[in-house]
Amino acid sequence: MTAIAVEGVTVRYGRRTAVDGVSLNVPTGAVYALLGRNGAGKSSLVRALLGHLAPELGKVTLFGEDVWRHRARLMQRVGVVAEDSDAPTEMRVRDLGWFSSELYSNWSQRAFDMRIERFGIASASRFGDLSKGQKKQVSLALALATSPELLVLDDPTLGLDVVARKSLFEEVIADMADRGITVFITTHDLGAIESIADHVGVLKDGKLVLDEPLEALRERFRRIRFAGTATELAMNAASSRAWGSGTEAVVTNFADDAFENLRARTSAEASTLTLEEIFIAVAGEERK
């Protein structure tokens with residue numbers, strides 16, 4: 001079953017196109033990481049995905065239903081951690097839980113209370129008095145207490161320190177293991193997401209330029225160093241530069257036979273890339 005289906009979605013703000021004809025599918029139980037530089041269109045796509053705005057073209061379905069037409073019902077099945085929480089600053093943490101319990105039919109007060117206690121946050125604290133990391137933890141506790149089938153995280157670790165980022169991802173991983181929920185996340189924390197994502201998409205200037213399983217990416221991207229010029233490569237290079245008296249290239253369609261031919265002629269070496277290195281090769285160049 002498909003949890004999310006985005007079909008030819010275009011979002012514009014006046015003359016500016018934020019999302020340009022994007023299509024993608026997220027199977028139930030998958031962890032889909034949507035990556036992109038600032039301004040690439042990630043948050044606009046998330047707003048369309050959650051029914052916060054109607055795309056100019058295309059449509060979004062969640063669990064097979066149009067999110068724009070059936071948003072109220074569908075949001076009962078979706079937990080959301082936004083980039084910036086809009087919870088009232090004067091509201092106490094326990095009251096945020098009580099308020100949410102009135103909105104969600106599958107609300108678990110026990111799950112909320114246990115997470116808040118585990119995070120070391122006093123339930124009597126005002127939301128506005130919490131640190132940025134604590135606000136994200138409260139937002140995550142609220143989202144997971146709704147017993148969601150789909151969890152949407154819009155850059156949840158932005159501005160958090162290393163400890164807070166680790167804590168947040170550990171909570172998501174634990175809940176995924178317990179319930180097998182679908183996760184859709186936008187993030188700049190590529191090192192952390194690499195350990196839990198099974199599918200990756202990359203937005204660049206509003207277009208989806210990469211969309212495939214993470215393992216497939218690791219298989220076809222390689223860094224190759226050899227004593228020769230980039231014109232000698234029989235594989236597509238996402239980037240290349242001088243390396244000593246030879247060349248260092250990141251190739252996007254690594255093939256053993258083509259590499260063995262290159263190595264026989266130029267003493268080539270190949271190494272795997274991290275997700276961050278793949279992302280930089282695909283979307284890292286400066287915009288003109």
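Buried means under 20% relative accessible area. Glutamate 248, at 7% relative accessibility, therefore counts as buried. The legends below describe a predicted model.

**View 1. Arginine 225 and glutamate 248 form a salt bridge.** Their closest N and O atoms are 2.6 Å apart. The pair links distant parts of the chain. Arginine 225 sits in strand β11 (residues 222-226) and glutamate 248 in strand β13, 23 residues apart. Arginine 225 is partly exposed, at 31% relative accessibility, while glutamate 248 is buried at 7%. Salt bridges with shared partners join Arg223, Arg225, Arg241, Glu248 and Glu277 into one network.

**View 2. The second largest pocket has a volume of about 220 Å³.** Its lining counts 13 residues. Nearest the centre lie Arg223, Ser239, Val250, Ile280 and Ala281. At least two lining residues come from each of β12 (237-243), β13 (246-251) and α10 (275-283). The top contributor is β12, with 4 residues. By type, the lining divides into 6 nonpolar, 2 polar and 5 charged residues.

**View 3. The largest pocket has a volume of about 810 Å³.** It is lined by 32 residues, and Val80, Ala82, Ser85, Asp86 and Tyr104 are the closest to its centre. Two or more lining residues come from each of α1 (42-49), α2 (71-74), β6 (78-81), α3 (93-101) and α5 (132-145). The lining holds 19 nonpolar, 7 polar and 6 charged residues.

**View 4. The largest nonpolar core contains 36 residues.** Leu151 and Val183 touch the most other members. Helix α10 supplies the largest share of this core, 6 residues. A second, separate core has 31 residues, among them Val22, Leu34, Leu45 and Val60. Beyond its neighbours within four places in sequence, valine 183 contacts Ala30, Val31, Tyr32, Leu151, Leu153, Val172 and Met176.

View 5. Glutamate 170 is partly exposed, with a relative accessible area of 43%.

**View 6. Arginine 73 meets glutamate 65 in a salt bridge.** The N to O distance is 2.2 Å. Arginine 73 is partly exposed, with a relative accessible area of 45%. Glutamate 65 also counts as partly exposed, at 22%. Across the whole structure, a search finds 16 salt bridges.

Key:
Residues numbered from 1 in each chain as written. Predicted model: local features only at pLDDT ≥ 70, side-chain atom pairs only at ≥ 80, totals over all residues. Heavy atoms only, no water. 1 Å grid on protein atoms, 1.4 Å probe; cavity = no way out; pocket = protein on both sides within 12 Å on 5 of 7 lines; lining within 4 Å. Points joined across faces, edges and corners; volume = space filled by probe spheres on them. Nonpolar A, V, L, I, M, F, W, Y, C, P; charged D, E, K, R; others polar. Core = buried A, V, L, I, M, F, W, Y, C linked by side-chain atoms within 4.5 Å. Buried < 20%, exposed > 50% of the residue type's maximum accessible area, 1.4 Å probe, protein only. Contact = heavy atoms within 4.5 Å. Salt bridge = Lys/Arg side-chain N within 4 Å of Asp/Glu carboxyl O.
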